[in-house]
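Dear colleague,

My notes on it follow below the display.

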Amino acid sequence: MTSKLITLESPLLVPPLLAAEIGLEEALILQQIHYFCLISKHIKADGRRWF
């Protein structure tokens, strides 16, 4: 199967409404923070994740 992407890199997904509300760069940063929180294996004693 061929990819529809230009490169094999994973694309950054940014919700358009969020980008319109807070700005594109800010939405990208917030999306990255959200992503890293989801995949982080570091969990504090109270259940909060960090990276």
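Ser 40 is buried, since its relative accessible area is 6% and the cut-off for buried is under 20%. The model is a predicted one, which applies to everything that follows. Ser 40 sits in the loop that connects helix 2 with strand 1 (42-43). A polar atom of the Ser 40 side chain is 3.1 Å from the backbone nitrogen of His 42. Setting aside neighbours within four places in sequence, Ser 40 is in contact with Arg 49, Trp 50 and Phe 51. Buried residues account for 6% of the 51 residues in the protein chain.

Phe 51, one of the contacts of Ser 40, belongs to the segment after strand 2 (49-50). Is Phe 51 buried or exposed? Its relative accessibility is 52%, so Phe 51 counts as exposed; the cut-off for that class is over 50%. Phe 51 is also part of a nonpolar patch on the surface, together with Ile 29, Ile 33, Tyr 35, Phe 36, Leu 38 and Ile 39. The accessible area of the patch is about 700 Å² in total.

Ile 29, another member of that patch, is located in helix 2. With a relative accessible area of 55%, Ile 29 is exposed.

Leu 28 and Leu 18 are 10 residues apart along the chain, and their C-alpha atoms are separated by 9.4 Å.

On charged pairs, the count comes to 1 salt bridge. It joins the side chains of Arg 48 and Asp 46, with 2.9 Å from N to O. How accessible are the two partners? Arg 48 is at 49% relative accessibility and so counts as partly exposed. Asp 46 is at 51% and so counts as exposed.

The C-alpha atoms fill a box of roughly 45 × 35 × 15 Å along the principal axes. What is the radius of gyration of the protein chain? It is 15 Å, whereas a compact globule of 51 residues would have one near 10 Å. The accessible surface of the protein chain is about 5,000 Å², and carbon and sulfur atoms make up 66% of that surface.

In short, the points to look at in the viewer are the buried Ser 40, the nonpolar patch that includes Ile 29 and Phe 51, and the salt bridge between Arg 48 and Asp 46.

Regards

How values were computed
Residues numbered from 1 in each chain as written. Predicted model: local features only at pLDDT ≥ 70, side-chain atom pairs only at ≥ 80, totals over all residues. Heavy atoms only, no water. Helix = DSSP H or I, 4+ residues; strand = E, 2+ residues; numbered from the N terminus. Buried < 20%, exposed > 50% of the residue type's maximum accessible area, 1.4 Å probe, protein only. Polar contact = N/O pair within 3.5 Å; in protein donor to acceptor, adjacent residues only side chain to side chain. Contact = heavy atoms within 4.5 Å. Patch = residues over 30% accessible without salt bridge, like charges linked within 9 Å, V, L, I, M, F, W, Y side chains within 5 Å. Areas by Shrake-Rupley, 256 points an atom, 1.4 Å probe, with all protein chains shown as cover. Salt bridge = Lys/Arg side-chain N within 4 Å of Asp/Glu carboxyl O. Rg over C-alpha atoms; globule rule 2.2 N^0.38 Å.
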